[in-house]
Amino acid sequence: MKERNRVPGTLPVSEWELRRKFLEQAELVPGGERISRCLQCGTCTGSCPVSYAMDISPRMVIALFRAGEIEQILRSRTIWICASCYMCTTRCPQQIKITDLLYALKRTAMDTGLYPDRFPVYLLSKSFVRLVNRFGRNNEPLLMALYHLRRNPFALLSLLPLGIELYRRGRLALWPSKIQGVGAIRRILAASQALEIPREREEPEYAKGMVGYRAVGQIPPAAAG
Amino acid sequence: MEYLYYPGCSLEAAARQYDESLRAVFAALNIGLKELEDWNCCGATMYMSVSETTSLAISARNLALAGQDGGRELVAPCSACYTVLLKTHRFLQESPELREKVDRLLGEAGLRYNLNVRVRHPLDVLVNDVGIEAIAAAAQRSLRGVRFAPYYGCQIVRPERGFDDREFPESMDRLFERLGATAVYFPMKTRCCGGMLMTTFPQVCLELVKELLECAVENGAACIVTTCPMCQVNVEAYQKRVNKEFKKTFEIPVLFFTQLLGLALGCSERDLGLQRNLVPLKTPLPAAVA
């Protein structure tokens, strides 16, 4: 998109940054490095129950990663439409943990603030995390309220009939049950924030060479300085 | 035998009848079930998209608590909790680096991660520990005449191979067929219901639910039997929305597998929380003792 006139086989700095962030996340997934073994067979896309609603199919996500277009992936709805049913991971002939890699991409998106336009899911994630941090447990009505109030308060009205029906049957807890150890959870969270500070990391093996697929991930010498 | 019990947030609210019927079934079979004290949210799939280490630590707190309690088997009936706790366990087993980090975090709460806790699904416990024959021997009523669609959902059998096949599990089919019921042909048994997509992308999710309902009804099921709170809510509570959206007339009961099992074991409808289901079960059950 930007920096179109770059040296073939090199990446603009912004893309290199995204790539570094994503690989950092992907490394946290045991077996995450297997992404380099993708055959582009398309089994993931064919197995996905929601691929028809995606703008970029799971197979294309890996193809775009290889082509050095992570920004395009992050701006797509794909990673957020995934309902994590793990069918692709189950069927992948190369044992790539596609679902977990999509989570790694979600985290990269949250970190960098790159979303598709008018976009909802990260709001739900954030609301969920707020609730769990406060009470230690989730509460469905409160989650819906937090989410919809920030997104579209009118949608809450359309949920009302179902809410009333569930309430009448005793299936709606209006307030979460707070746990005793919520202090412990907050200590864990505080400590984990300190751990999240980017650590010094080595270059991944495959970013060192300069031929074909290996070239992707290199900083152009000119931009590096 | 006694198991530790991790209910999970859904079983406190929208899936209360799952909690009630699970306790009733375990009581009827004389299996001990002790709720894990002060458990917290497993982190579900939402937390995973925020921070990996944090979400692993949050979910590992439960495993650490279970370890303190004697390192027994931890029963998690909600598929999302089950898969997240299991995933945490596997990740920490596979990666010493992650384990060290998580252990450090748990140390802040005075806990230590315990590798000896096993995460189990109640279906696994009932079919493989208790055994189908033992359950059949304890049955008070026959399920003859009940035609059901066995809907496992996705996360109970995936991503890693657990206690049953990842695409075509049969535990529930075998269990209920032995008790007299008929499992209809239901090729969508591990198809995803959409989960939280019902909130974020309702159109996509309604389509998935419609396909599931169609598949069950066309194959002659009188009820859908599921093992997961998200599946149950999406497939049951959103039937009206599906009907409106796609001009359909679905009205099929969606039971938790413990509710149907409890009926066979002679538990009362109230103990099984059947009155909490939005679409009532209409099939009359023969009272005959097997």
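## Domains

Chain B splits into domain 1 (36-120) and domain 2 (138-276), with bounds that come from an automatic or database domain assignment. Their centres, taken over C-alpha atoms, are separated by 28 Å. Six residues from domain 1 of chain B and eight residues from domain 2 of chain B make up the contact, where contact means C-beta atoms, placed from the backbone, within 7 Å. On the domain 1 side, that comes to three nonpolar, two polar and one charged residues. The classes work like this: Ala, Val, Leu, Ile, Met, Phe, Trp, Tyr, Cys and Pro are nonpolar, Asp, Glu, Lys and Arg are charged, and the others, Gly among them, are polar.

Chain A has its own pair, domain 1 (9-117) and domain 2 (120-196). Here the C-alpha centres lie 27 Å apart.

## About the model

This is a predicted model, in which local features need pLDDT of at least 70, side-chain atom pairs count only at pLDDT 80 or more, and totals for chains, interfaces and linings use all residues. Residues are numbered from 1 along each chain as its sequence is written, while chains are lettered from A and ligands numbered from 1 in the order in which they are written.

## Where the chains meet

How many residues of chain B are in contact with chain A? The count is 49 residues of chain B, against 53 residues of chain A. On the chain B side, α2 (44-48), α3 (52-68), α4 (79-94), α5 (96-107), α8 (197-200) and α9 (202-218) each bring at least two residues; helices here are DSSP runs (H or I, at least four residues), numbered from the N terminus. The largest share, six residues, belongs to α3(B). By class, this side of chain B holds 24 nonpolar, 12 polar and 13 charged residues.

## α3 against α4

The axes of α3(B) and α4(B), lines fitted to C-alpha atoms over the stretch in contact, come within 9 Å and cross at roughly 100°. That makes the two helices roughly perpendicular, a label for angles of 65 to 115 degrees.

From α3(B), B:Leu56, B:Ser59, B:Ala60, B:Asn62 and B:Leu63 meet B:Val84, B:Leu85, B:Thr88, B:His89, B:Phe91 and B:Leu92 of α4(B). Those residues divide into seven nonpolar, four polar and no charged.

## The core

The largest nonpolar core has 155 residues, and B:Phe148, B:Val209, B:Ile224 and B:Val225 have the most contacts inside it. Such a core is a set of buried Ala, Val, Leu, Ile, Met, Phe, Trp, Tyr and Cys residues joined through C-beta atoms within 7 Å, buried meaning 20 or more other C-beta atoms within 10 Å of a residue's own.

Leaving out residues up to four places away in sequence, B:Val209 touches B:Cys193, B:Gly194, B:Asn234, B:Val235, B:Tyr238 and B:Val242.

Methods
Two residues are in contact if their C-beta atoms, placed from the backbone, lie within 7 Å. A residue is buried if 20 or more other C-beta atoms lie within 10 Å of its own, exposed if 12 or fewer, and partly exposed in between; C-beta atoms are placed from the backbone. Axes are lines fitted to C-alpha atoms, for helices over the stretch in contact, and angles run from 0 to 180 degrees between N-to-C directions. Angles under 35 degrees count as roughly parallel, over 145 as roughly antiparallel, 65 to 115 as roughly perpendicular and the rest as oblique.
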